[in-house]
Amino acid sequence: MSNPVILTGIRANNDLHIGNYLGALLPLIDLARHYAGEYEINLFVPDLHSFTTPIDHGTLQEGIETNLKLYVAAGLPLDNPAVYLYRQSQVPAHSELTWILDCFTGVGEMQRMTQFKEKTAQLSSDRVSVGLFHYPVLMAADILLYRASYVPVGEDQTQHLEFARDIAERMNKRFNKELFTIPKAVAEQHRFFGKDQGLRIKDLVDPTKKMSKSSVSDKGTLFLTDTPDVARSKIMSATTDSLNSVRYDKDKQPGVSNLLDLMALLRGQSVLELAHAYEGQTQYGPLKHDVADTVSGFLQEFQNTLAQVDMDAVRAKLEHSEKIMNERANSVLHVVQQAVGLR
Ligand code: TYM
């Protein structure tokens, strides 16, 4: 039996933000560092996902390279042979399996995806690409081609992960064969990754929304490439509330709770313990200062590491991984092609 596969990807559009880091990267990299030999770790750049909404195609290659460097700066151990780093578009099986899965997916299923509804609410249907509509199918192919069991993602991707399980089960049943490994149920993934799985870091300006690459203003998003000073000023002007009490209560105090979450996750501490330390405080200034110190310290160190990433080592890892990933993905694809009668 081969080791269970843990897999995730982060789109190469804009700079990654701290929500991407805490929601998807950190859980995977923590595992890669501490449990080498027990799992296989697949981290990829979903570059085909990058233009479901319009982008500047002239900068896509640069964006892909930046993502790869950020993965390494975040601690991905390139020298670990159980770690694979690859670009989605370099493994054509992703696109081929997507087409097959598309034909077993209901239009209604895609229409029910909350993220799709949210992203397209203000747009006329001619301005919404078919790619954006069915991107959860490509995401399912990304996961199923490698028989992944665990997929660290933020809360906004949970529904897509459920879809990957559904389509895998449907195909296995339809063809009466274990074509795909079913990724673990979301609740089990939560237990596996602990606190980080299903995370939703909030926007600093509007803490009722998730922190996002595509927010209208940059002020609410902490990018991994923000200078420590820029990050500090974003945190100092973060929206809180008028309750004058530092408490961890996501419903009543989303801004304060988000700041506590950020600090706890970056320090590797329990958020409730951290909140306890502020009990009785009626001013938000000291909390913001502490969060700003933690975040700017983290960014300083992160960016020092980023500046030293050896792109030659990254390229060598890509070449090696992409060769192996093509072999693995093609063997799963072949079984599916046989099942549907194409081979
Ligand atoms: P993307 O690129 O939008 O986001 C990458 C990851 O970051 C998480 N995330 C957050 N986590 C916590 N708080 C936030 N505010 C926050 N914002 C984003 C996302 O949940 C995600 O885990 N479709 C995916 C990329 C993808 C993928 C895959 C992931 C493609 N194929 C296969 C896993 C497996 C996406 O657009 O993520």
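1. An oxygen atom of the ligand is 2.5 Å from an N or O atom in the side chain of D156, a polar contact (a pair of N or O atoms within 3.5 Å; within protein, one must be able to donate a hydrogen and the other to accept it, and residues adjacent in sequence count only if both atoms are side-chain atoms). The model is predicted: local features need pLDDT of at least 70 and side-chain atom pairs pLDDT 80 or more, while totals for chains, interfaces and linings use all residues. Residues are numbered from 1 along each chain as its sequence is written, and side-chain values use heavy atoms, with hydrogens and water left out.

2. For D142, a polar side-chain atom lies 2.6 Å from a ligand nitrogen; for Q157, a side-chain N or O atom is 3.5 Å from a ligand nitrogen.

3. Which residues come nearest to the ligand? They are R11, D142, G154, D156 and I201, out of 28 around it (a residue counts if one of its heavy atoms lies within 4 Å).

4. D142 also belongs to the contact between helices α3 and α7 (contact: heavy atoms within 4.5 Å). Helix α3 spans residues 93-102 and helix α7 residues 135-144; their axes come within 8 Å and cross at roughly 120°. Helices here are DSSP runs (H or I, at least four residues), numbered from the N terminus; axes are lines fitted to C-alpha atoms over the stretch in contact, with angles from 0 to 180 degrees between N-to-C directions. The pair is therefore oblique (under 35 degrees is roughly parallel, over 145 roughly antiparallel, 65 to 115 roughly perpendicular, the rest oblique).

5. The residues in the contact of α3 with α7 divide into seven nonpolar, two polar and two charged (nonpolar: Ala, Val, Leu, Ile, Met, Phe, Trp, Tyr, Cys and Pro; charged: Asp, Glu, Lys and Arg; polar: the others, Gly among them).

6. Helix α11 (residues 254-267) meets helix α1 (residues 18-34) with axes within 11 Å, crossing at roughly 55°. I18, Y21 and L22 of α1 make the contact with L262, L265 and L266 of α11. These residues comprise six nonpolar, no polar and no charged.

7. Helix α11 also packs on helix α13 (residues 285-307), where the axes come within 10 Å and cross at roughly 40°. That angle makes α11 oblique to α13. On the α11 side the contact includes V256, M263, L266 and R267, and on the α13 side K288, D290 and F298 are among the residues. The division is nine nonpolar, one polar and three charged.

Notes: Helix = DSSP H or I, 4+ residues; strand = E, 2+ residues; numbered from the N terminus.
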